[in-house]
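Subject: Structure handover

Hi,

Here is the structure for you to look over. My notes on it follow below.

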Amino acid sequence: MNFSGFDIAVGALALLVLVLLIKGIRTIPQGYNYTVERFGRYTKTLSPGLNFIFPFIDRIGAKMNMMEQVLDVPSQEIITRDNAIVGVDGIAFFQILNAAQAAYQVSGLQNAILNLTMTNIRTVMGSMDLDELLSNRDAINERLLRVVDEAAHPWGIKITRVEIKDINPPANLIESMGRQMTAERNKRAQILAAEGLKQSQILEAEGRKEAAFRDAEARERSAEAEARATQVVSEAISKGDVQALNYFVALKYTEALGRIGTATNSKIVLMPFEASSLIGSLGGIGEIAKEVFRSEGTTGSQRQAARPPVVRPTDN
C-alpha cells in the first residue's frame with residue numbers, strides 16, 4: 001500500500017500529538033505534591049490528581065511526600081549540667097506543608113531535620129540536672145518540639161512531635177541512685193513511725209488530761225453536795241431540830257461501817273460498839289420522816305400512825 005506524502009504528514013502529526021499528551025499529562029498520587037520546573041526554574045506545584053504540563057519545556061522537579069513522616073533519632077551521649085553522662089535517643093514526627101520550600105530551601109531535608117533535632121536535644125537536656133532529666137520528660141519533649149519546629153519553619157516543615165524514647169545513665173550512676181532511693185525510703189519510714197508515736201503519745205496525754213479533769217469535776221461536785229448537806233443539817237440544828245443531827249451522824253456512821261466491811265484486807269473487825277447510839281440515830285431519822293409527812297399536809301391520825309417509836313438510849 002502506497003502512502004502519499006500527506007498521509008505520512010498526518011501520521012507524523014498524530015504521533016507527535018500522542019507523544020505530547022504522554023509527556024504533558026501527569027497523574028499525581030494522593031499524599032504527594034510535585035514541583036514543576038521550566039528551564040530549571042520553579043514555576044508551580046502539582047497537587048494530587050490529573051495535571052498537565054508543557055512537554056519539553058516543563059519538567060517534574062521534586063516529588064514531595066506530604067504525609068506525616070517519622071524520623072528515628074539515633075542514640076547520643078549528653079553531658080548534663082551536673083556533669084552526668086547519659087545516653088539519649090528519640091523520635092521525631094514531621095510533615096511537609098509547603099512542597100516548594102521543602103524542595104528548594106534546604107538540601108537533604110531528612111538529614112537536616114535529624115541534625116537539627118539532635119543538636120537541640122543536646123542543648124536542651126544539657127542545660128538540666130540529671131534529676132530534672134529523669135523526672136521532667138514531658139517538659140523536655142514540649143521544649144524540644146517548640147525549638148525544633150521554630151527552626152524548621154522556613155523550610156515549609158511542621159514538626160508535629162518530638163519524643164525522648166530512652167535515657168540511659170551509666171551503670172555506676174544507676175547503682176548510686178538505687179542506694180539513694182533506698183536511703184530516702186528508709187528515712188521516710190522512720191519519719192512516719194516517729195510521727196505515729198508522737199500522735200499516740202499526744203492522744204494518750206489528752207486522754208489522761210480528760211480523765212483527770214473529769215475526776216476533778218466529780219470530786220468538786222461531790223464536795224459541793226457534801227457542803228450542801230452539811231449546810232442543810234446546820235440550818236436544821238439552828239432552828240432547834242436536833243433529830244437532823246442524829247440523822248447526819250447515823251448516816252456517816254453507817255457509811256463508815258460499810259467501807260470497813262467491804263475492805264479487801266479485813267475479814268473480822270473488832271471494835272467497841274454501843275447499839276443504843278445507833279438506835280437513837282434511827283429515832284432521829286423517824287423524827288425527820290415525821291416532819292416530812294407533816295409538811296405534805298397529812299391528817300393528824302395519819303401522822304400519829306406514821307410516827308415511829310422513839311427509842312431512848314439507856315445507860316448500861
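I started with the largest nonpolar core, which has 37 residues. L109, M125, W155 and I157 touch the most other members of this core. Please keep in mind that the model is predicted.

The largest share, nine residues, comes from α3.

Leaving out residues up to four places away in sequence, M125 touches I78, T80, V88, L133, I140, I164 and I167. Another core lies apart from the largest one. This other core has six residues, among them I28, V36, L46 and I53.

Now the helices.

α3 has 18 residues. From first C-alpha to last, α3 reaches 26 Å, close to the 26 Å expected at 1.5 Å a residue. The buried residues in α3 include L109, A112, I113, L114 and L116. T117, M118, N120, I121, V124 and M125 are buried in α3 as well.

α5 covers residues 137–152, which makes 16 residues. Its first and last C-alpha are 22 Å apart, close to the 22 Å expected at 1.5 Å a residue. Which residues of α5 are buried? I140, N141, L144, V148, D149 and A152. They sit on the same side of α5, because they cover an arc of only 145° around the axis. The general rule behind this: an α-helix has 3.6 residues a turn, so residues three or four places apart point the same way. E142 and E150 are on the other side of α5, and they are exposed.

What do the buried residues of α5 pack against? The partners are α3 (109–126), α4 (130–135) and β8 (157–168).

Next, the strands around β2.

β2 (residues 32–38) runs antiparallel to β3 (residues 41–46), and five bridges join them. T35 has T45 in β3 as its bridge partner. The two strands form a hairpin with two residues between them. F39 is in the turn and has a positive phi of about 55°.

β2 also pairs with β5, again in the antiparallel sense, over six bridges. Here the bridge partner of N33 is M64 in β5. β2 is mostly covered, with five of its seven residues buried.

Last, the totals for the chain.

- The chain has nine helices and eight strands.
- Of its 316 residues, 26% count as buried.
- Among contacts with a separation of 6 or more, 63% are between residues 24 or more positions apart.
- The accessible surface comes to about 21800 Å². Carbon and sulfur atoms account for 57% of that surface.

Best wishes

Note on methods
Residues are numbered from 1 along each chain as its sequence is written. This is a predicted model: local features need pLDDT of at least 70, side-chain atom pairs count only at pLDDT 80 or more; totals for chains, interfaces and linings use all residues. Side-chain values use heavy atoms; hydrogens and water are left out. Helices (H or I, at least four residues) and strands (E, at least two) are DSSP runs, numbered from the N terminus. The expected span of a helix is 1.5 Å times one less than its number of residues. Buried means under 20% relative accessible area, exposed over 50%, partly exposed in between (1.4 Å probe, protein chains only). The arc is that of the directions from the helix axis to the C-beta atoms. Contact means heavy atoms within 4.5 Å. Accessible areas come from the Shrake-Rupley method with a 1.4 Å probe; for residues, only the protein chains shown count as cover. Two strands pair if DSSP finds at least two bridges between them. A nonpolar core is a set of buried Ala, Val, Leu, Ile, Met, Phe, Trp, Tyr and Cys residues joined through side-chain atoms within 4.5 Å.
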